[in-house]
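Have a look at the fold, then walk through the points below.

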Amino acid sequence: MSGPTTGDAMGAPCWLNLSARDLQAAERFYGAVLGWTFRRGALGDAFAVGERDGVPVAGIAAVAAELEMPVAWTVFFAVDDADAAVARIRERGGTVGVGPMAYPPRGRAALATDLEGAVFGVWEGRLISRWHVGERQAPAWLELHTRDAFDAAVFYGGVLRWADGSPGCCEVSYEHDQVVLRRDGEAVARLNSGPVESASPRPQSRPRWLVRFRVRDLEAARAAVLAHGGSVVPGGEWAVVRPSGGDDERRVVVRDPDGALFAVEAEDAG
């Protein structure tokens, strides 16, 4: 097999995946809201890859019921050895929920939670070409909403080896009370401190990796969410709350019909 591997993107976000109950229902919703088209991946009929203008954006896996997993979006980070990464997670007080599991023919994955309970994944193996996230023009962007961004950076930095100088690894900087993760000089994620509660009954108030998908027409996307059984989450985007108390008009946090939380933002909302 040819193509990039996790060794080429060490410690960086390398994939987004939705654990869903019904693949066709998820394709209808995300196709309408985000304008994606879908193709079946190499992992079987329960998996699909969502694309925008022919570029891969995210995967959908209809495994939530089978594996007794919540319906949710998860970000995966590239590691060279999934077993070693899982050991580092446990050593630093995180919890491993699933794996490492083999996903022939591409690689191995594990799901875990950090010290505050935010879910993330690690992936060892082949990467999908042309996939990327970023702060400006990429189709998706990532933010960690957590109690203390600096504590989180210590945890993720140790688990994902952000600061060990490995080839292809990321750079970390501290800007305006945020931790910014960059790869090849481009910001690929931010870690933000804020008012979160691990035991909150409101999922949007819990520590989490929030996936933000970009759309050309935000109002049309919002309308499509509602028309296709989703809902808007008031006050869900605490990281960009205006001084007046209102949410940023260029972004909206929503749920899909099964409850998966994500954000939609206008393309010019850098």
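Of the 270 residues in the protein chain, 52% are buried (under 20% relative accessible area, with a 1.4 Å probe and protein chains only). This is a predicted model, where local features need pLDDT of at least 70 and side-chain atom pairs count only at pLDDT 80 or more, while totals for chains, interfaces and linings use all residues. Residues are numbered from 1 along each chain as its sequence is written, and side-chain values use heavy atoms, leaving out hydrogens and water.

**Overall fold**
- The protein chain holds four helices and 16 strands, taken as DSSP runs (H or I, at least four residues, for helices; E, at least two, for strands) and numbered from the N terminus.
- Looking at contacts (heavy atoms within 4.5 Å) between residues at least 6 apart in sequence, 63% join residues at least 24 apart.

**Helix packing**
- Helix H1 (residues 23-34) packs against helix H4 (residues 218-227) at an angle of about 155°, and their axes are 8 Å apart; the axes are lines fitted to C-alpha atoms over the stretch in contact, with angles running from 0 to 180 degrees between N-to-C directions.
- H1 and H4 are therefore roughly antiparallel (angles over 145 degrees).
- On the H1 side, Phe29, Ala32 and Val33 meet Ala221, Ala224 and Val225 of H4.

**A strand hairpin**
- Strands E10 (residues 171-175) and E11 (residues 178-183) run antiparallel and are joined by five bridges; pairing takes at least two bridges found by DSSP.
- Glu171 sits opposite Arg182 of E11.
- Two residues lie between the strands of this hairpin, where His176 has a positive phi near 55°.

Terms used. Parallel < 35°, antiparallel > 145°, perpendicular 65-115°, else oblique. Buried < 20%, exposed > 50% of the residue type's maximum accessible area, 1.4 Å probe, protein only.
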